[in-house]
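Thanks for coming. I will go through some charge pairs and some helix contacts, and then stop.

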Amino acid sequence: MSLVRSLFAVKPVEASLSSDNALRRTLGLTQLVMLGVGAVIGAGIFVITGQAAAEHAGPALTLSFVLAGLAAALAALSYAEFAAMLPVSGSAYVYAYATFGELLAWFIGWNVVAEYLLAVSSVAVGWSGYAVGLLKSIGIHVPGVLADAPVSFKDGHLQWTGAWLNLPALLIVAALTLLLYRGTRQSTWFASVVVVLKVLVVLLFVLFGVQYIDPSLWHPFVPANQGGDHYGWSGVFRAATSVFFAYIGFDAVATAAQETRNPQFNVPAGILISLTICTVLYIIVAAVLTGLVPYAQLGTAEPVATALAAHPALGWLKVVTQIGAVAGLTSVILVMHLGLSRILYTMAGDGLLPRFFNAVHSEHQTPHRTTLLVGVIGGVLAAIFPLNLLGDLLSMGTLLAFSTVCIGVLILRRTHPHLKRGFRVPAAPVVCVLGVVVCLFLLAQMNLANWLLLAGWTAVGMLIYVFYGYRHSRLRKG
């Protein structure tokens with residue numbers, strides 16, 4: 001086999017379907033919807049909404065969520081078809097391996113690793129902000145040097161802040177790592193309880209907050225451009241890229257396919273139901289939030305609590321919201337952590353990462369080694385870096401993965417037209433192409449510094465593939 005052909009060798013769909021499944025199938029539709037909502041409703045509502053409104057879009061943040069939701073919906077349809085056809089762990093990485101070949105599968109897989117790893121870290125940073133605020137409400141003060149990132153990221157430059165580390169963010173990642181090490185059923189049961197709690201808090205915020213909305217705060221709806229992507233329509237588009245990472249929760253549903261009962265039906269249904277619920281909630285919350293206080297005041301670590309604090313009659317709801325946010329962000333970290341450990345487990349099974357990471361715990365039947373690996377790296381990132389840097393890089397990896405999946409549906413329709421599909425994308429040529437266009441448009445809104453960081457991450461991944469993955473690929477070994 002020539003070098004070029006070997007680099008683009010496609011893993012047969014049948015090989016993916018016949019892979020040994022050492023993971024226990026314990027998840028049903030309800031658990032998958034809870035996983036999806038648990039991953040999607042989190043930092044997007046409780047943290048990023050405020051920063052995106054204050055720095056980029058103003059009241060037009062609702063339009064940013066509509067645009068980001070459109071891109072996510074188009075990609076979700078493609079994910080649903082793939083998930084019904086290839087109900088195995090690995091998500092976009094597995095789909096790319098079956099359509100584009102090994103090299104591009106590794107590229108996408110490596111970016112999906114970044115996507116989930118940064119999700120764990122960035123949401124942990126958001127969790128820290130609300131946890132510190134909640135502790136302050138009950139009289140416990142956490143020193144700033146132990147609750148902030150040692151570095152900040154502004155105008156494309158890293159700067160030292162004088163803080164030591166974000167200790168709460170590190171501790172929450174460590175705690176959830178231990179929970180996931182114990183087992184998927186226990187983890188998803190915990191996530192389900194937390195999801196109910198945080199959705200209830202979001203609904204309370206909307207029901208009571210809407211009574212105090214000042215419509216004048218929505219004017220001008222699209223504030224005048226202050227330069228670059230600071231307000232104006234360029235700010236609306238830039239905000240859409242910032243909030244986009246909030247929608248990756250349905251990707252986590254796909255990564256759990258190998259642990260799902262009747263995955264051909266449950267996984268597509270779980271993806272579409274969870275995305276629909278969350279998109280509606282995001283748009284409503286963005287409208288209420290920007291109607292409670294001037295959008296320029298929302299660029300805090302806990303913007304929902306900030307908006308409620310401006311109205312003394314809603315003081316009781318501020319504390320409730322802080323509790324809900326802490327619980328809600330906890331479930332997001334858990335689901336993202338679970339998804340990444342399964343992706344690394346699958347890549348190791350293909351030989352592209354050391355087989356050491358393809359092990360399953362004899363008692364708990366979880367990929368315990370990848371779970372610990374994600375916990376260590378994710379915890380360190382959360383302790384050191386700020387939310388805005390982690391969130392932007394996360395969105396870039398997500399958009400790349402979504403674009404690939406949309407194209408992959410069209411390719412597999414031609415190469416495997418008779419393969420059984422429990423779900424089919426309606427009007428696939430239009431929907432899939434439109435999905436790629438919208439994702440690439442959002443990707444183009446990122447600044448040069450983020451592109452350079454993504455290029456650095458990609459370079460590291462390619463070195464790993466050249467010196468290890470290419471030599472140990474099970475597909476190449478036959």
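I start with a definition: a salt bridge here is a side-chain nitrogen of Lys or Arg within 4 Å of a carboxyl oxygen of Asp or Glu. The model is a predicted one, where local features need pLDDT of at least 70 and side-chain atom pairs count only at pLDDT 80 or more, while totals for chains, interfaces and linings use all residues. Residues are numbered from 1 along each chain as its sequence is written, and side-chain values use heavy atoms, with hydrogens and water left out.

How many salt bridges does a search of the whole structure find? The search gives two. In one of them, Arg 421 pairs with Glu 81, and the closest N and O atoms are 3.0 Å apart. This pair links distant parts of the chain: Arg 421 sits in the loop between H16 and helix H17 (428-443), and Glu 81 in helix H5, 340 residues apart. Helices, by the way, are DSSP runs of H or I with at least four residues, numbered from the N terminus.

Arg 413 also meets Glu 81 in a salt bridge, at 2.8 Å from N to O. Arg 413 belongs to helix H16 (residues 387-415) and Glu 81 to helix H5 (residues 61-85), so this pair ties together parts 332 residues apart in sequence.

Are these side chains buried or exposed? Arg 413 and Glu 81 are both buried, where buried means under 20% relative accessible area, exposed over 50%, and partly exposed in between, with a 1.4 Å probe and protein chains only. Glu 81 counts as buried because its relative accessibility is 1%. Arg 421, at 12% relative accessibility, counts as buried too. Through shared partners, the salt bridges join Glu 81, Arg 413 and Arg 421 into one network.

Now the helix contacts. H5 packs with helix H6 (residues 92-99) at an angle of about 75°, the axes being 11 Å apart. Axes are lines fitted to C-alpha atoms, for helices over the stretch in contact, and angles run from 0 to 180 degrees between N-to-C directions. Tyr 79, Phe 82 and Ala 83 of H5 make the contact with Ala 92, Tyr 95 and Thr 99 of H6, contact meaning heavy atoms within 4.5 Å.

The other pair is helix H8 (residues 167-182) and helix H14 (residues 315-349), which pack at about 55° with axes 10 Å apart. On the H8 side are Ile 172, Leu 176, Thr 177, Leu 179 and Leu 180, and they meet Thr 330, Ile 333, Leu 334, His 337 and Leu 338 in H14.

Notes: Helices (H or I, at least four residues) and strands (E, at least two) are DSSP runs, numbered from the N terminus.
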